[in-house]
2 protein chains.
Amino acid sequence: MAERITPRSTDHSQWYLDVIREAGLADYGPVRGTMVIRPYGYAIWERIQQGLDGMFKATGHQNAYFPMFIPMSFLEKEKQHVEGFAPELAVVTIGGGKTLEEPLVVRPTSETIINHMFSTWIQSYRDLPLLINQWCNVVRWELRTRPFLRTLEFLWQEGHTAHATAEEAQEETLRMLEVYRSFAHDEAAVPVVAGRKTEREKFAGADASYTIEALLGDGKALQSGTSHNLGQNFARAFHTQYLDTNNTLQHVWQTSWGLSTRFIGAIILTHGDDSGLRLPPRLAPIQVVIVPIYRDDAGKAAVMAAVDELRAALGTSVRLHVDDRDERPGFKFTEWEIKGVPLRIEIGPRDVEQGVVTVARRDDGSKTTVPRADLPGRIGALLDAVQDGLYAQASAFVADNTHAADDEASFTAALARGGFVRVLWAGGSEDEAAIQEAHGATIRCLPFEQPDAPGKCFYTGKETSTVALFARAY
Amino acid sequence: MAERITPRSTDHSQWYLDVIREAGLADYGPVRGTMVIRPYGYAIWERIQQGLDGMFKATGHQNAYFPMFIPMSFLEKEKQHVEGFAPELAVVTIGGGKTLEEPLVVRPTSETIINHMFSTWIQSYRDLPLLINQWCNVVRWELRTRPFLRTLEFLWQEGHTAHATAEEAQEETLRMLEVYRSFAHDEAAVPVVAGRKTEREKFAGADASYTIEALLGDGKALQSGTSHNLGQNFARAFHTQYLDTNNTLQHVWQTSWGLSTRFIGAIILTHGDDSGLRLPPRLAPIQVVIVPIYRDDAGKAAVMAAVDELRAALGTSVRLHVDDRDERPGFKFTEWEIKGVPLRIEIGPRDVEQGVVTVARRDDGSKTTVPRADLPGRIGALLDAVQDGLYAQASAFVADNTHAADDEASFTAALARGGFVRVLWAGGSEDEAAIQEAHGATIRCLPFEQPDAPGKCFYTGKETSTVALFARAY
């Protein structure tokens, strides 16, 4: 039988596609670059939605829904914005059998239509801050696509806020980046580097963009969530103004921030191994799978009685699945490993006699024998151990694959090893472009954590104390 | 000051638009026929989603996501389907700056693309039943639009299932209609009549369609949720087949079912009154609003201490909002009445002294004095009373506005009074068309509840035992 999953060392790209197919996460759609998110993949997205939505509401945001169709003229109001998005647009030109007078853009993001509405909703300082989030689909006509990482249509949330002062907008921008960082860390066990984007890499229409960057198993970086300080750029384009306490008309200060189904790609590529997916327990649709093992009807009766008892004892404390299909245990083990279920519980006739179960951890493959009666009390700690184990492994990987460079030779050598390359940086956008051209690497971010000691820029030789993180990226 | 809300008796259509605007439910989008769902309206949708999603999962369904763009050729595969939807399509003809070889339809519904995928996912009887649901946006290029009731883009869920037998598909079709009926009844306090659509009114591509029909405050009916038995129509068009236990290739039997943001229109138009919205407690984003009342700082301190104590005592048992804005109580009362909050709690200095609060019910306007210490124990029953009160009023309205007719004269008279007209029916599609032309009314459904006694069809005079429910409808 051919391997269901290509080893990573053989072909990392193929490994990624194999895992997505075999774990039942997604499938190609009929239109080039589109993706069907299958139930198991969508269940991960539901966990992400639930987690983030709670964090957004806890920080005072409300959900709303804005139309998907945006008049082309709206995009043209903000110069940088339309330049950034024009090449990627899907355009509706026919509606109800007739050619439309003005073509409609399928939203690639919603700053323009939201500002159009904000300009009517916001009158005075009492209406501020206005803190809105939207869960929706967006379309960007990408040429090179890859399931989850870059698809023509994707699902995301986009936060849009308006504030009375520049300071508040900046605070909000950083607050929401921290929401993403802590979500990645605490829920997805994905270590990320938080920092600012350079001028060249920032969002089209923003004053400043911030990002969380993950480092994936193949040594490439992935922008996994972004938060933008939009300044007054869209407010000026759409006349989004308020009367301040002195009765003077002012433009609002704005932010936007988004995280998408791309994040599922970050999870797969951070934690996956040659056996398939490894899911962090807090986001896993199934946290624990029970596989009963027996050879005959008598054995089956005894084992299933113990399984039922265990299921009742665990109740709703964990997301549990009992795999009672009529298949060999080995087949089931392989399947649940591919699907990345954090804990597998095996119960055979001898286990029943001895009052124990075997618990196999997906993060490190270890097996422990646990008294059956103790399991309900220990299951939470076992799941936490897998969560921590995955984070520790991923964190060590990032540390092992972050290299410093102080000249172009060491930079080239570091890039060849893969991972993040940490340098002192005083270059400009043209220098970045030249490096990308020569090395295929970009500045992922200027990390918030910066060293104290100044030194020479590895590329321009200028004195600087700014650290930049380069990598090849998706 | 002009009335914020036009009385229903003056202009029912304007009343509806006024309520939507003043309660902050929705706003017009910039593109004709599109709608922005504002946070308060979207919070109702979130409650609907949460309730239905739980019911779908409890009946074995899983969520997934399919691409929004469907090749035009897919729609053409099922003849009735394309005939039904072709006039309403939005079409993308440009992507990434280039004219597309094949135009893409923005999904008006997803039977075709889902069958395309099902045909690859389903191989054998072991893959059945396949029970999928999708939450998404859809687009239908409607000419006459109305917020929530009929918009160019709307949000909905669409269930799509595949089964091995016709019987299972029929069971599923009725099971999901019953989910909608019980949701409308139990959660939204909206009485609906469940029944079958006639051949003329059924879904384009279905063998049979079932519906829940609400009767709104203006005497018009609203199709509020539908469930379709698709037979093998799409399976044949897309070759969605499985190997049965005899190793014979068979077409699957399918269902689809949907409920949309239109349901918010049903809630507004079932329960609203001249003071604004009245929300059923189980779906209300805010169930209880506390309005502190005071004249001076000393009074404020005492009242707010009592409010804080009450807030702490209520905890998370209800969705609570404290309106501590610096506005007059009368202004606040009006606002929360417009927003339809089920219970308003008033606390003034004298109430604090006496250890009581005043509870005002939105369903009947009644006020009761309740000892403050008793409120946490009684709040659940009070909310239930409002829920039941709204249902009882709506139910009485349906009963009062359902009239029998036994010939065309009495039919005309009954229609003029508004509401449902109950008749014996043995006509065909052409008779229905003639009646719609003459009276502007359609058969909303053939109710599941049918009388025993046969008689003469009010229109054709033929002997029949089938009851039909006519109404003018949205």
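## Close-up views of a predicted two-chain model

**View 1. Helix 5 of chain B is mostly covered, with 8 of its 11 residues buried.** In this predicted model, the buried residues of helix 5 of chain B are Glu111(B), Thr112(B), Ile113(B), Ile114(B), Asn115(B), His116(B), Met117(B) and Phe118(B). An α-helix has 3.6 residues a turn, so residues three or four places apart point the same way. As for confidence, chain A averages a pLDDT of 96, and 99% of its residues score at least 70, while the model as a whole scores ipTM 0.97 and pTM 0.97.

**View 2. In the contact between the two chains, 40 residues of chain B meet 40 residues of chain A.** Several elements give two or more residues to the side of chain B that touches chain A, among them helix 2 (39-58), strand 6 (98-106), helix 5 (111-121) and strand 8 (153-163) of chain B. Strand 5 of chain B gives the most to this side, with 6 residues. Sorted by class, the side of chain B that touches chain A holds 25 nonpolar, 10 polar and 5 charged residues.

**View 3. Strand 5 of chain A and strand 5 of chain B run antiparallel and are joined by 5 bridges.** Strand 5 of chain A spans residues 90-95, and within this pairing Gly95(A) has Ala90(B), in strand 5 of chain B, as its bridge partner. Strands of a sheet pair through backbone hydrogen bonds, either parallel or antiparallel.

**View 4. An open sheet of 11 strands in chain B has mixed pairing and the order 3-7-8-14-11-10-9-22-25-21-20.** Strand 3 and strand 20 (402-404) of chain B stand at the edges, each with a single partner strand, so one side of each is left without a neighbour in the sheet. Elsewhere in chain B, strand 8 and strand 14 (residues 253-260) pair in the antiparallel sense over 8 bridges, and Gln157(B) has Leu259(B), in strand 14 of chain B, as its bridge partner. In a regular strand the side chains alternate between the two faces of the sheet.

**View 5. Strand 10 of chain B (residues 208-215) is mostly covered, with 7 of its 8 residues buried.** Strand 9 of chain B (residues 192-196) pairs with strand 10 of chain B in the antiparallel sense over 5 bridges, and Gly195(B) has Thr211(B), in strand 10 of chain B, as its bridge partner. Strand 10 of chain B is also joined by 8 bridges to strand 11 of chain B (residues 221-231), and these two strands run antiparallel. Here Thr211(B) stands opposite Thr226(B), which lies in strand 11 of chain B. The hairpin formed by strand 10 and strand 11 of chain B has 5 residues between the strands, and in this hairpin Gly219(B) takes a positive phi near 85°.

**View 6. Thr145(B) is found in the loop between strand 7 (130-139) and strand 8 of chain B.** With 18 other C-beta atoms within 10 Å, Thr145(B) is partly exposed, because a residue counts as buried at 20 or more such atoms and as exposed at 12 or fewer. Leaving aside residues up to four places away in sequence, Thr145(B) touches Gly33(B), Arg150(B), Thr151(B) and Leu152(B). The C-alpha atoms of Thr145(B) and Phe263(B) are separated by 15 Å, and the two residues lie 118 residues apart along the chain.

**View 7. Chain A is assigned domain 1 (12-271), domain 2 (288-383) and domain 3 (402-471).** The centres of domain 1 and domain 3 of chain A, taken over C-alpha atoms, are separated by 27 Å, and the contact takes 15 residues from domain 1 of chain A and 15 residues from domain 3 of chain A. On the side of domain 1 of chain A that touches domain 3 of chain A, the elements giving two or more residues are strand 9 (192-196) and strand 10 (208-215) of chain A. Strand 9 of chain A gives the most to this side, with 4 residues. By class, this side of domain 1 of chain A has 4 nonpolar, 4 polar and 7 charged residues.

Conventions. Residues are numbered from 1 along each chain as its sequence is written. Chains are lettered from A and ligands numbered from 1 in the order in which they are written. This is a predicted model: local features need pLDDT of at least 70, side-chain atom pairs count only at pLDDT 80 or more; totals for chains, interfaces and linings use all residues. pLDDT is the predictor's confidence in each residue, from 0 to 100. Domain bounds come from an automatic or database domain assignment. Two residues are in contact if their C-beta atoms, placed from the backbone, lie within 7 Å. Ala, Val, Leu, Ile, Met, Phe, Trp, Tyr, Cys and Pro count as nonpolar, Asp, Glu, Lys and Arg as charged, and the others, Gly among them, as polar. Two strands pair if DSSP finds at least two bridges between them.
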